[in-house]
Amino acid sequence: QVQLVESGGGSVQAGGSLRLSCTASGYTYTTNWMGWFRRAPGKEREAVAVTPVGGSGGSNPTYADSVMGRFTISHDNAKNILYLQMNSLKPEDTAAYYCAATFFLRETLTPEDYMYWGQGTRVTVSS
């Protein structure tokens with residue numbers, strides 16, 4: 001099992017920045033990709049960004065078009081922490097953000113392919 005705990009959410013005005021963190025513990029060596037997903041009120045859960053971790057390095061992170069150029073995903077292999085730096089935030093970024101991990105070897109943006117999930121952290125962006 002892998003346990004994921006997110007932190008760093010909060011409220012910010014449009015144009016501001018936040019950094020989310022996700023600390024992983026347990027059998028983290030079994031995971032090959034990690035990502036951030038979000039669910040806005042009344043909408044489906046969607047991928048924000050995913051990145052290879054551990055021995056799956058060599059591939060580049062992938063971002064949703066809506067966050068490209070504004071968000072940056074990174075992973076500290078030594079500390080087992082996944083980050084999401086969010087800049088130039090917009091009201092439409094308001095959502096619950098979830099950290100997730102999968103043992104799939106290939107890149108995937110499909111939430112159903114991720115078997116480990118954190119409890120989520122809320123981000124609210126006001127105009």
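Rings of Phe, Tyr and Trp (its six-membered ring) are said to pair if their centres lie within 6.5 Å, with planes under 30 degrees apart counted as stacked, over 60 as edge-to-face and the rest as tilted. In this predicted model, local features need pLDDT of at least 70 and side-chain atom pairs count only at pLDDT 80 or more, while totals for chains, interfaces and linings use all residues. Residues are numbered from 1 along each chain as its sequence is written, and side-chain values use heavy atoms, with hydrogens and water left out.

A search of the whole structure gives 6 aromatic pairs. The ring centres of Y27 and Y29 are 5.8 Å apart and their planes meet at 85°, so this pair is edge-to-face. One aromatic cluster is made up of F37, Y98, Y114 and W117. R45 lies over the face of W117, 4.3 Å from the ring centre; for such a charge, NZ of Lys or CZ of Arg must be within 6 Å of the ring centre and within 35 degrees of the ring normal.

Next come the strands, which are DSSP runs (E, at least two residues) numbered from the N terminus. In strand β9 (residues 95-102), 7 of the 8 residues are buried, so the strand is largely enclosed by the rest of the structure; buried means under 20% relative accessible area (1.4 Å probe, protein chains only). Two strands pair if DSSP finds at least two bridges between them. Strand β4 (residues 33-39) pairs with β9 in the antiparallel sense over 7 bridges, and G35 has A100 of β9 as its bridge partner. Strand β11 (residues 121-126) is antiparallel to β9 and joined to it by 3 bridges.

Conventions:
Buried means under 20% relative accessible area, exposed over 50%, partly exposed in between (1.4 Å probe, protein chains only). Helices (H or I, at least four residues) and strands (E, at least two) are DSSP runs, numbered from the N terminus.
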